[in-house]
Amino acid sequence: MLGQLNAVAEVLRPEHTDHDVLDLLNREIFTPMDRAADARVRQAALRATLGVSACPHPALDALVVLGVSVVLVRDLMRIYGLRHSARSLLRVMTRAVFDS
């Protein structure tokens, strides 16, 4: 991500407006990140679906979904450039469960 930011910074000129900068950031950085995140969410949904359909017991279903969710959150944190330590992962998972 730092390389992408540097590439965007090299393109910017003093005559660019704030709107131009936001458009460039959206086009060059945020849109590809969002596409990668969408792909990971689709993969995680497929993994969860296949895992749940293969498990004969509801408690195993919950474990499968929890495992897929942890991997998904870790992947999304990596895509968006967030630290993915155990503490930050726990914080994000807790907020996802209790704030939704």
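**Labels and cut-offs**

Q: What makes the pair Arg83 and Ser88 a polar contact?
A: A polar atom of the Ser88 side chain lies 2.9 Å from the backbone oxygen of Arg83. A polar contact is a pair of N or O atoms within 3.5 Å; within protein, one must be able to donate a hydrogen and the other to accept it, and residues adjacent in sequence count only if both atoms are side-chain atoms. This is a predicted model, where local features need pLDDT of at least 70 and side-chain atom pairs count only at pLDDT 80 or more, while totals for chains, interfaces and linings use all residues. Residues are numbered from 1 along each chain as its sequence is written, and side-chain values use heavy atoms, with hydrogens and water left out.

Q: Why is Ser88 called buried?
A: Its relative accessibility is 12%, so Ser88 counts as buried (under 20% relative accessible area; exposed is over 50%, partly exposed in between; 1.4 Å probe, protein chains only). Ser88 lies in helix α4 (helices are DSSP runs of H or I, at least four residues, numbered from the N terminus). Not counting residues up to four places away in sequence, Ser88 touches Met77 and Arg83 (contact means heavy atoms within 4.5 Å).

Q: Why is Ala7 called partly exposed?
A: Ala7, in helix α1 (residues 2-11), has 39% relative accessibility and therefore counts as partly exposed.

Q: How do you know that the span of helix α3 agrees with its number of residues?
A: Helix α3 (residues 58-79) has 22 residues, which at 1.5 Å a residue should span 32 Å; its end C-alpha atoms are 31 Å apart, so the two agree. The expected span is 1.5 Å times one less than the number of residues.

Q: What makes α2 roughly antiparallel to α3?
A: The two helices pack at an angle of about 170°, with axes 9 Å apart. That angle makes them roughly antiparallel (over 145 degrees; under 35 is roughly parallel, 65 to 115 roughly perpendicular, the rest oblique). Axes are lines fitted to C-alpha atoms over the stretch in contact, and angles run from 0 to 180 degrees between N-to-C directions. The contact includes Met33 and Ala37 of α2 and Ile79 of α3.

Q: Which residues form the largest nonpolar core?
A: The core has 7 residues: Val8, Leu24, Leu25, Ile29, Met33, Ala37 and Ile79. The largest share, 5 residues, comes from α2. A nonpolar core is a set of buried Ala, Val, Leu, Ile, Met, Phe, Trp, Tyr and Cys residues joined through side-chain atoms within 4.5 Å.
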